[in-house]
Every structure is written in C-alpha cells, then in structure tokens.
Amino acid sequence: MTAIVSVENLTKTYDGGFQALKDVSLEIEQGEILALLGPNGAGKTTLISVICGMINKTSGSVTVGGHDIVDDFRGARRLIGLVPQELSLEPFETVNNSVVFSRGLFGKPRNDAYIERILRQLSLWDKKDTRVKELSGGMKRRVLIAKALSHEPRVLFLDEPSAGVDVELRKDMWDVVRGLQADGVTIILTTHYIEEAEAIADRVGVINGGEILLVKDKTELMDQMGRKQLTIELQEPITQVPDALAKYDLVIGADGRCLEFSYDTRGERTGITTLLGDVAAQGLVLKDVATSQSSLEDIFVGLVEDAT
C-alpha cells in the first residue's frame, strides 16, 4: 500500500532540553487504522501535534500526501482532520453551524449535502439545530469528529477519542471509525483503552520515552508475541510442583488447585500432550483444562516494561 503520512528521523526538543521525540520514523499507509499506544508522556500527542503543524519539529521531515509540513504547510494541513482530547466547542452554537464554520476556516465552499451526510453518519442529524451545551459528552465528541471531517480530509487524527465516553458509546464510536475507513479515510488514533486498539486497528504502534518501539500488523503482532496459557485445574490442591515437572516451569495458582503452563503457539510442538501425561504420572488428578491467549494489553505492558 501507499504511505499517505511519512515521518523520517523526527525529533522534538523543548527549550529546557527535554527531548519529547527521538529520531522517530513512521510510515502510515493510505486507508489503514493505526492505533498508537503508549503511557502518559510517551510522546503520542507531541507526534500528532508536529504532524498537524501545531508545534515545530527540531529536526527530521514529515510529509502528508506528498506535501512537506513546513515547505507546503497549507497543502499538508488541508488533508488533515484533528480531533483533540479536550472538548473545545462553542457552547451556544448549534451543531450544524459549528460544523459549517469549521469547513469555512479551510476555505471550502458551502456544501450542505456533504455536511448533512457526515452529521447523519455520526448520528447527529436530529441534533443539528441543538446548541452544543445541551449535548451529552458522547455527542460532543461526535461534534468534534464532524468538525474535523468538515473540510473533507483524507487523514484523521483521533487523540483519545473515547475519553470520558461510556462503554456503549465507545463501541458506537468504533462503528463510526470503521465507517470512515470504508469511505477511504486514513485514521490514526491514540488511546489508553487497549481493547479499542484490539477491536478496530489494522496496525499497532507502541511509543515510549519519545521512541517508536515497534509498528506491526495487529494480527501478526499477536501471532509473533502472544503466548497461550494452559490452566490445569486439579482435583486436590498441592503446595509445590513435583520435581519431575520442574522442566515445564509450571506456576501454582493462589489456591493450589491450578497449574499454569505458558507455551509458544508458533512452536512445532507445544508440549501439552507430554505435560498432561507427566502430570497424571505424578498421581495428580485433573478436574478441568482451559487455554487462554495473551491479549494486546499483555504484549503492550511487556514491551513498555522491557524498554524501561
């Protein structure tokens, strides 16, 4: 696929000497959903702010749709929509007028049909004449998205789009994002909700300390770094793992009734069959067996811990 956003050797150092971004390179493909994960202060918002032209880079280069963000700022910026974390809206303005005004800021001619389409897509059409101050937090978040889409950008940045939104509305937001992708919009989102990235992202990027730790296809990441865990529930509790089972690196559960065995799904042999035979040979009676897959959250936490 073609990269619509290209970041090369990007650094950002503030006056006090703090380096928020360290030699960041990143290719964002046209039409994809990229989830950017990282703890507070990792550099997520700084990266977005540089790409969107809100703060100046120290060194490196960024292009959006082939337009350099410095040499051709207007060309790059008109391709970008940004939904910030903060609910910064004019409280006494109506939804429709607020979105129309944002379109005008980019010098776009009036297009009532397009505004109606995005308001309907975001389930805001029946609220078009409602003042912003009368909306719920979830609806205000949708207005921010509508404003960001008002000038027909091809790249949409969502900075913590589900912040302050309940679980039901969060899932509605995921549907909105998928709908935007279907329209050909490239979406980059930062999030603290790991399940959000797991649910809707095509690729996942992990950033920490101003450095990109990795960017991978979500499924590939899960396959390569995810591990499965076998939980063996015993009929009777034990206090220690028999010496004959030491080679399996088993962990005893808190109540002594479970043995936990981690294995790599990519291996030619998981060792499960041999393990179960050896467990039985030690006179341990199995009550139940279950497997679970490492989540994206497990992988993310592990990466950040390794980096620090």
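User: In which strand is the place of Asn9?

Analyst: Asn9 sits in strand 1, residues 3-13. Strands (E, at least two residues) and helices (H or I, at least four) are DSSP runs, numbered from the N terminus. This is a predicted model: local features need pLDDT of at least 70, side-chain atom pairs count only at pLDDT 80 or more, and totals for chains, interfaces and linings use all residues. Residues are numbered from 1 along each chain as its sequence is written, and side-chain values use heavy atoms, with hydrogens and water left out.

User: What is phi of Asn9 near?

Analyst: Start with the general idea. Most residues other than glycine have a negative phi. Phi of Asn9 is positive, near 50°. Asp249, also not a glycine, has a positive phi near 50°. Asp249 is in the loop between strand 11 (228-234) and strand 12 (251-252).

User: Is Asp249 buried or exposed?

Analyst: Buried means under 20% relative accessible area, exposed over 50%, and partly exposed in between (1.4 Å probe, protein chains only). Asp249 has 64%, so it is exposed. Asn9 has 40%, so it counts as partly exposed.

User: Which residues of helix 9 are buried?

Analyst: In helix 9 (residues 272-281), they are Ile272, Leu275 and Val279. Viewed down the helix axis, they fall within an arc of 60°, so they line one face. That arc is taken from the directions from the helix axis to the C-beta atoms. The face turned away from the buried side carries the exposed residues Thr273 and Ala281. Gly283 follows helix 9, with a positive phi near 80°.

User: Which residues of the largest nonpolar core touch the most other members?

Analyst: A nonpolar core is a set of buried Ala, Val, Leu, Ile, Met, Phe, Trp, Tyr and Cys residues joined through side-chain atoms within 4.5 Å. The largest has 40 residues; Ile145, Leu156, Leu158, Leu180 and Ile187 touch the most other members. Helix 5 gives the largest share of this core, seven residues. Apart from it lies another core of 27 residues, including Ala42 and Val155.

User: How many residues line the largest pocket?

Analyst: On a 1 Å grid over the protein atoms alone, a pocket is an open set of points where a 1.4 Å probe fits, with protein on both sides within 12 Å along at least five of seven lines; lining residues have an atom within 4 Å of a point. Here 29 residues line the largest pocket, and Arg77, Leu82, Ser102, Leu105 and Phe106 lie nearest its centre. Helix 3 gives the most to this lining, four residues.
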